[in-house]
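User: I have a model open and want to go through it before I set anything up. Can you take my questions as they come?

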Amino acid sequence: MSILTLKAGDQYISSGDPADFVALQIRGTSSVIVGGDMVASIPMGELGGELAMFTGGHRTADIMVSSKTAKLAIFKIEDITIRGLTPYLAIKLVRLFASASLHKLSEHSQAEESFVPSICPQST
């Protein structure tokens, strides 16, 4: 694990790059950008970049610091596998990543449903 301190506008994840790390937002906020549009915000205590590890291994968005400064804990995949974390810690990290991913997917699904035009039939 490494700690990064970044400033507003610093981009630390780029669309198309391999998903070889996740970032825990320790301080500040970051913006998730897809196609030039901000689609989400990552507040303090949330993960960024973990979704790509569970959905194909490549980044689908850019992430950049949106607050004046931000501090991030970077967990590289090779750190987790090569250095051999204790099984307890490895399971805790996987649960944290999975929980964050499920939460984001749930939010994304709810947002998509809210954009369905009223003339489209809804399945019940």
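User: How many helices and strands does the protein chain have?
Analyst: The protein chain has three helices and eight strands. Helices (H or I, at least four residues) and strands (E, at least two) are DSSP runs, numbered from the N terminus. In order from the N terminus, the elements run β-β-β-β-β-β-α-β-β-α-α.

User: What are the ground rules for the values?
Analyst: This is a predicted model, where local features need pLDDT of at least 70, side-chain atom pairs count only at pLDDT 80 or more, and totals for chains, interfaces and linings use all residues. Residues are numbered from 1 along each chain as its sequence is written, and side-chain values use heavy atoms, with hydrogens and water left out.

User: What pLDDT does the protein chain average?
Analyst: The average is 77, and 63% of the residues score at least 70. pLDDT is the predictor's confidence in each residue, from 0 to 100.

User: Where does pLDDT stay under 50?
Analyst: Over residues 112–124, for which the model has one contact beyond four places in sequence. Contact means heavy atoms within 4.5 Å. Where pLDDT is low, the predicted coordinates should not be read in detail.

User: OK, sheets. What is the strand order in the open sheet of four strands?
Analyst: The order is E2-E7-E4-E5, with antiparallel pairing. The edge strands, each pairing on one side only, are E2 (11–13) and E5 (37–42). On average, neighbouring strands of this sheet are turned by 35 degrees against each other, direction ignored; the axes behind such angles are lines fitted to C-alpha atoms, for helices over the stretch in contact, and angles run from 0 to 180 degrees between N-to-C directions.

User: How many bridges are there between E4 and E7?
Analyst: Strand E4 (residues 30–34) and strand E7 (residues 62–65) pair over four bridges, in the antiparallel sense. Val32 has Ile63 in E7 as its bridge partner. Two strands count as paired if DSSP finds at least two bridges between them.

User: And E4 with E5?
Analyst: Five bridges join E4 to E5, again antiparallel, and Ser30 stands opposite Ile42 in E5. E4 and E5 form a hairpin with two residues between them, and Gly35 in the turn has a positive phi of about 60 degrees.

User: Is E4 mostly covered or exposed?
Analyst: Mostly covered: four of its five residues are buried. Buried means under 20% relative accessible area, exposed over 50%, partly exposed in between (1.4 Å probe, protein chains only). For the protein chain, buried residues make up 27% of the 124 residues.

User: Which strands does E3 pair with?
Analyst: Strand E3 (residues 21–27) is joined to strand E8 (residues 69–76) by six bridges, running antiparallel, with Arg27 opposite Lys71 in E8. E3 also pairs with strand E6 (residues 47–48) over two antiparallel bridges; there Leu24 has Leu47 as its bridge partner.

User: Switching to Ser67. Where is its place?
Analyst: Ser67 is in the loop between E7 and E8. Ser67 counts as buried because its relative accessible area is 17%.

User: What does Ser67 touch?
Analyst: Leaving out residues up to four places away in sequence, Ser67 touches Lys7, Ala8, Gly28 and Thr29. Ser67 and Leu6 are 61 residues apart in sequence and 9.5 Å apart in space, C-alpha to C-alpha.

User: Last one: what sits over the ring of Phe21?
Analyst: The charged end of Arg59, 4.8 Å from the ring centre. The criterion is NZ of Lys or CZ of Arg within 6 Å of the ring centre and within 35 degrees of the ring normal.
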